[in-house]
Amino acid sequence: MRGDGRELILYLDLACPHCAAVWAAVESRPLTLVFRHFPVASKHPRAPALHAATEAATLQGSEDAFWSLVASIYEDQGRVDDPHLWDRAKALGLDIERFDRDRRSTAVAERVRRDFQGGIRAGVAGTPAAFLDGAPVAADLASELAL
């Protein structure tokens, strides 16, 4: 997403309610948002499947499909099982068979794993985690961005 020149890197878990709250606070801000996958499967078992779905949307659709799927997952975290993901993919105009094949692919799993490992190397221990213009955001993210 394009913004005002400030870059916000977000390490998020798509099944995390705290991440959903942060997403709601930052998605419309004039920042360049950089999404990094950080599914914490031990806390949110459905998270890896959700992250894979967003990457599958990107492969078939576009970057806009990725952001739309992220937003829809955060808007309705109570409906994240496969039939609801298929409905969302259909609404984005994606081919469901390819969507399912892509989200289960090695390439998609590797993409999510790369982000997660990068987060570990950057010192991310949980979600949400953020870096504003390269500096870790240690305080409440919404408050930090209000400055």
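## Basis of the description

The model is predicted, so local features need pLDDT of at least 70 and side-chain atom pairs count only at pLDDT 80 or more, whereas totals for chains, interfaces and linings use all residues. Residues are numbered from 1 along each chain as its sequence is written, and side-chain values use heavy atoms, with hydrogens and water left out.

## Helices α2 and α5

Helix α2 (residues 47-60) packs with helix α5 (residues 96-103) at an angle of about 125°, and their axes lie 8 Å apart. Helices here are DSSP runs of H or I with at least four residues, numbered from the N terminus, while axes are lines fitted to C-alpha atoms over the stretch in contact, and angles run from 0 to 180 degrees between N-to-C directions. The two helices are therefore oblique to each other, a word for angles that are not under 35 degrees (roughly parallel), over 145 (roughly antiparallel) or 65 to 115 (roughly perpendicular).

From α2, Ala49, Ala52, Ala53, Ala56, Ala57, Leu59 and Gln60 meet Arg98, Phe99, Asp102 and Arg103 of α5, where contact means heavy atoms within 4.5 Å. These residues divide into 7 nonpolar, 1 polar and 3 charged (Ala, Val, Leu, Ile, Met, Phe, Trp, Tyr, Cys and Pro count as nonpolar, Asp, Glu, Lys and Arg as charged, and the others, Gly among them, as polar).

## Helices α1 and α3

Helix α1 (residues 17-26) and helix α3 (residues 63-75) pack at about 120°, with axes 9 Å apart, which makes α1 oblique to α3. Cys19, Ala20 and Trp23 of α1 make the contact with Trp67, Val70, Ala71 and Tyr74 of α3, and by class this contact has 7 nonpolar residues, with no polar and no charged ones.
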